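These are my notebook entries on one protein model.

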Amino acid sequence: MTDLPLPAPDVLVHLTASGVSVILDSTQGRLPAVVHWGAALGAQSKEDLRALSTADVEPREGNVVDEPVRLAILPEHHAGWQGRPGVAGHRDGADWSPRFQVTGLDVGPGATVDGGLVDGGPCALVFHARDEVAMLDLDLEIELLASGLLRARARLTNRGDTAYTVSDLSLAMPIPSRAREILDFAGRWSKERIPQRRALVTGIHEREGRKGRTGHDAATILSAGVPGFGFSRGEVWGVHVAFSGNHRHFAERLSTDAQVIGGGELLLPGEVRLGRDEDYSGPWLYAAYGDGLDDQAYRFHRFLRGRDTHPARPRPVTLNVWEAVYFDHDVDRLVDLADRAAALGIERFVLDDGWFRGRRDDRRGLGDWVVDETVWPDGLSPLVDRVTRLGMEFGLWFEPEMVNEDSDVVRAHPEWVMQTGGRLPLRGRHQQVLDLAHPQAYTHVLEQMTRVLSDYDVACIKWDHNRDLVDAGSMPTGAAGVHRQTLAAYRLMDELKRRFPGLEIESCSSGGGRVDLGVLERTDRVWASDCVDPLERQGINLWTMQLLPPELVGAHVGSPVNETTGRRHELSFRAGTAVHGHFGIEWDLAKASASEIRDLVEWVAFHKAHRELLHSGDVIRSDDSDATLSIYGVVSADRSEALVFLGYLSRHDASPRGRFTLPGLDQDKRYRIAPVVVGTPDARLAPPSWYHDGTGIVLSGRALAVTGLRIPGACPERVVVLRVQEEAG
């Protein structure tokens, strides 16, 4: 990186990528403030940037401080900012309002430096700052990625002789006053990522996650946009905290009309107490600007797909045995299930909970990662060998962060259970939490898992985390330990991947309770929900893809009667919903009929034929959708083809329905749009005239986006699949 020594007279930064511009003002040695974060501004001279910075200075009016209030990315109380400060901390009650002066700037490749002007495309900047009175150093890293996604994080270092207690280290991004509507997510177990909207009014809209994991009700992305913003239209600004432990997102509006969105880790009392030269680093805060929610999602997806660690090979079609056998592990039955899976074209077979010592139900055995000899007298080899001989990969379930009290590990080391106040926490799922920050506990789990992964050909781990952290203290003091526990879990994942190159990890946490970009730095997909009911998954999958591309979202075909909701659905709806994701099956195939097996074979083949498009294309969603119909799909990067899904969720109040339009295509190209029939045709489908006996119709991308087509008539709880292909000439 290029080092630009400071304090300099002025430091103005203009970075731009993928239709986004970010302008930072770090003049007079002050922490960088965002002058502009939004649509690309084109070339800007130093004089232009000065003018824009001047234009952003608020007038002196109202009963506020005499100097213009300046909002840095790390908001500072001393500057007159009366919203949430970036640093909350103290040294025995003192040094609680730091005033940082920038002392240096590192400029990464991709930018040019001309005096105090930094200009370029995707680039990382690191501002170094110090408060000589509070004896604190700050490193503020800001990076504009090639996708137009912006991310920032801060590191605070204590240079004083006495301890400094950190209560909060949060970053905030200003948003314009026209962004007056908030969108984030709520939810619960088996019904994750429910969108919720409200007006951004004066005050603070804060979403705290205190579960010790991301949570089924996590905000996920907190967005603010122009009122009525949708998938394909309306400016929207959003932030995501990339951390799997306690965290917060917030949107705040002051009486001055200043507005911010931001977030950081939520620290419990005493979790971060810095001795001399010790530091604390907050998680990345990702910030995405877009013209519509699809544009915002595109920035996250493009970033994730561009990582060196992003899965490069085709995502294997997966069978997970949980809803087929639960804890009833029988070698012959599982081998038969493997045979049936291979015959369908399944590529990965995952053995779920119940394989380890004493694990006949969910009340015992958790934490003892040793194959149960009473169930598996020859170990897992008979099953693993059969699976691999059939040409499938073998996957195995673990829950490394949890224990049952009825386990060998807890009987030997009760002090490894997280607790405080001289009491065991309330049980959750009959479980307690193993303190991975305890060095011996960490080593015990690492070595047990290493032994199993060394003994068998395991291609992937389903990594579960089935309870919230309550009274999560570290013994012997009982001090709050969620921060250290989260970092230890990351460290364990990283070490296993180092020891077993190529090992894939699925993040599961009672389903979709740990879906964030922190865990995605070391995992290869998420289990979006324990509920595979397609009616529920239509919404869960759709909104999980606001953050993650389809290839990272586990989506399975369940049994005809769903285990969670009790609803019965046709196979076409179950498979048609799951195929838009990392496709798999969660069903006892021995109970499937011959016709269901034939249809499953077709759905597996369909997914394999189209997964390159499904797992590389841009996600598109139509604003024509209402509560009864979901219209979504993917379009290839070169806009030559697309797959579109019409999800019929309930009955409409009109029949026949009107038209739907297709966003995301090249308006100047001509396309053939035609139905795709997989498996048994739907006898109750009412095809519109443009179907032309399945050959479809040819229209321009502009006509499809503006005028559209008549919606096919279908019963509720159905999926209609359409293929869109560019016409030559």
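Which residue in β43 does I673 stand opposite? I looked it up: I673 stands opposite V724.

**Entry 1: ground rules.** I am working with a predicted model, where local features need pLDDT of at least 70, side-chain atom pairs count only at pLDDT 80 or more, and totals for chains, interfaces and linings use all residues. Residues are numbered from 1 along each chain as its sequence is written, and side-chain values use heavy atoms, with hydrogens and water left out.

**Entry 2: the sheet.** I noted how strands and helices are named: strands (E, at least two residues) and helices (H or I, at least four) are DSSP runs, numbered from the N terminus. Strands pair through backbone hydrogen bonds, either parallel or antiparallel. Two strands count as paired if DSSP finds at least two bridges between them.

I started with β40. Six bridges pair β40 with β43 (residues 718–726) in the antiparallel sense. Next I checked β41. β40 (residues 670–676) and β41 (residues 697–700) run antiparallel and are joined by four bridges. Y671 has L699 of β41 as its bridge partner.

Then I wrote down the whole sheet. It is open, has six strands and antiparallel pairing, and its order is β36-β37-β38-β43-β40-β41. The edge strands are β36 (618–621) and β41, and each pairs on one side only. From one strand to the next, the twist averages 25°.

What lies across β37, β38, β40 and β43? I found helix α11 (residues 594–614) there, running at about 125° to β38. Contact means heavy atoms within 4.5 Å. Axes are lines fitted to C-alpha atoms, for helices over the stretch in contact, and angles run from 0 to 180 degrees between N-to-C directions.

Entry 3: I moved to D368, in the loop between β25 (348–351) and α5 (381–389). D368 is buried but has no salt bridge. Buried means under 20% relative accessible area, exposed over 50%, and partly exposed in between (1.4 Å probe, protein chains only). A salt bridge needs a side-chain nitrogen of Lys or Arg within 4 Å of a carboxyl oxygen of Asp or Glu. The nearest side chain of opposite charge is R411, 5.0 Å away. For charge, Lys and Arg count as positive and Asp and Glu as negative; His and the chain ends are not counted.

What does the side chain of D368 reach instead? A polar atom of its side chain lies 2.7 Å from the backbone nitrogen of D408. The side chain of D368 also reaches the backbone nitrogen of V409 at 3.1 Å. Residues that D368 touches include F356, R357 and Q448.

**Entry 4: salt bridges.** How many salt bridges does the structure hold? I read 66.

I picked E504 and R313, whose closest N and O atoms are 3.6 Å apart. E504 lies in strand β32 and R313 in the loop between α2 and β24, so the pair ties together parts 191 residues apart in sequence. E504 counts as buried at 9% relative accessibility. R313 counts as partly exposed at 37%.

D682 is partly exposed, at 30%, whereas R718 counts as buried at 15%.

Definitions and conventions:
A polar contact is a pair of N or O atoms within 3.5 Å; within protein, one must be able to donate a hydrogen and the other to accept it, and residues adjacent in sequence count only if both atoms are side-chain atoms. Lists of a residue's contacts leave out its neighbours within four places in sequence.
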